[in-house]
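Please read the points below alongside the sequence and the model. They are meant for someone who has not seen this structure before.

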Amino acid sequence: MNDANAGFPGAFPTVRPRRLRTTPAMRRMVAEHRLHPADLILPAFVREGIDQPVPIGSMPGVVQHSRDSLRKAAAEAAAAGVAGIMLFGVPEEAKKDAVGSPGTDPDGILQQALRDVRAEVGDDLVVMSDLCLDEVVDHGHCGVLDAAGRVDNDATLARYAEMAVVQAEAGAHVLGPSGMMDGQVGYVRRALDAAGHRDVALLAYTAKYASAFYGPFREAVNSSLKGDRKTYQQDPANGREALRELELDLAEGADMVMVKPGLPYLDVLCRVADAVTVPVAAYQISGEYAMVEAAAERGWLDRDRTIDETLTAFKRAGADMILTYWATEVAQRYGRA
Ligand code: PBG
């Protein structure tokens with residue numbers, strides 16, 4: 001606008017985006033994305049040997065479930081219209097060993113929980129399980145170690161294959177290979193098919209970064225890890241590399257792909273979502289949950305608005321599904337409509 005036009009009515013805008021923001025009904029009508037219970041997946045922890053849920057200090061509101069309380073949480077999630085549940089098992093400390101025996105024991109805690117949850121909700125929830133060794137090994141890494149103490153990729157694949165079949169037999173609809181071993185999707189797919197589990201789907205942790213935001217999860221699963229996962233999880237500096245992992249996972253037969261963590265990696269989520277024809281998930285992880293809860297507890301953030309904004313950001317970036325510890329609460333808030 002130049003000086004000659006100053007003060008003339010024509011100098012004011014005729015195009016006004018604010019017209020579409022005038023009332024709640026108007027904003028609702030033109031919203032490009034909205035939250036729906038069917039987009040949400042609840043990650044849940046179940047711990048062996050407890051009869052009451054144990055609170056996780058760094059994740060206020062989240063617990064290590066007993067088998068009973070997990071069944072109730074699954075039923076509650078299903079009633080709220082949540083799409084699925086992703087189970088993590090926490091075995092008794094003394095049962096962890098170098099190869100993760102509780103992971104292939106048909107009576108390991110994760111397998112018991114899968115059977116419990118399927119008995120409780122049948123097919124009303126998509127029942128998923130974490131396919132990784134870190135919760136069941138005494139050294140806390142996502143794979144088995146070689147003689148030099150390094151994570152042995154191919155020996156780990158063999159363990160994942162056995163775990164996959166045991167989890168499928170326990171009733172999982174979907175398995176989530178989360179260990180970032182090369183070739184894990186293809187190897188597990190072949191093992192499942194060979195055992196007759198052709199309908200069990202794989203949600204590939206495609207781009208999983210070596211993140212500080214996993215901190216509270218380590219408490220949630222009583223992790224034994226010393227050191228870090230930088231030789232197998234991706235470097236936070238790398239975005240393009242996620243597309244390489246994506247190509248491999250798709251070629252190996254991934255049914256769905258996931259980016260994790262969530263908010264710090266929205267750019268990666270957006271690139272992945274633009275590149276694929278399979279469903280895309282985002283995992284809003286423990287540290288993201290903890291940050292919002294901690295700030296809200298101090299009155300520094302409006303808790304519910306912040307939660308909704310983070311979840312909407314995932315939708316905007318291209319996620320079809322969101323794993324979030326707030327799944328049931330948010331589903332209850334928005335309803336099935
Ligand atoms: C590994 C696994 C991790 C999470 C899910 N699966 C931890 C890790 O990679 O260190 C993190 C989930 C969260 O932080 O909420 N099995």
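This is a predicted model: local features need pLDDT of at least 70, side-chain atom pairs count only at pLDDT 80 or more; totals for chains, interfaces and linings use all residues.

1. Residues are numbered from 1 along each chain as its sequence is written, and side-chain values use heavy atoms, without hydrogens and water.

2. The ligand is surrounded by 17 residues (a heavy atom within 4 Å); the closest are Asp134, Arg218, Lys260, Ser286 and Tyr325.

3. Polar contacts are pairs of N or O atoms within 3.5 Å. A backbone N or O atom of Ser286 is 2.7 Å from a ligand oxygen atom, and a side-chain N or O atom of Gln233 is 2.8 Å from an oxygen atom of the ligand. Lys260 places a polar side-chain atom 3.2 Å from a ligand nitrogen atom. The protein buries 100% of the 400 Å² that the ligand exposes when taken alone (Shrake-Rupley method, 1.4 Å probe).

4. Lys260 also belongs to strand β8, residues 256-260 (strands are DSSP E runs of at least two residues). Five of the five residues of β8 are buried (under 20% relative accessible area, 1.4 Å probe, protein chains only). Met256, Met258 and Lys260 lie on one side, Val257 and Val259 on the other.

5. Strand β7 (residues 201-208) pairs with β8 in the parallel sense over five bridges (pairing needs at least two DSSP bridges). Lys208 has Lys260 as its bridge partner. On β9 (residues 280-283), three parallel bridges join β8, and Ala281 is the bridge partner of Met258.

Methods. A polar contact is a pair of N or O atoms within 3.5 Å; within protein, one must be able to donate a hydrogen and the other to accept it, and residues adjacent in sequence count only if both atoms are side-chain atoms. Buried means under 20% relative accessible area, exposed over 50%, partly exposed in between (1.4 Å probe, protein chains only). Helices (H or I, at least four residues) and strands (E, at least two) are DSSP runs, numbered from the N terminus.
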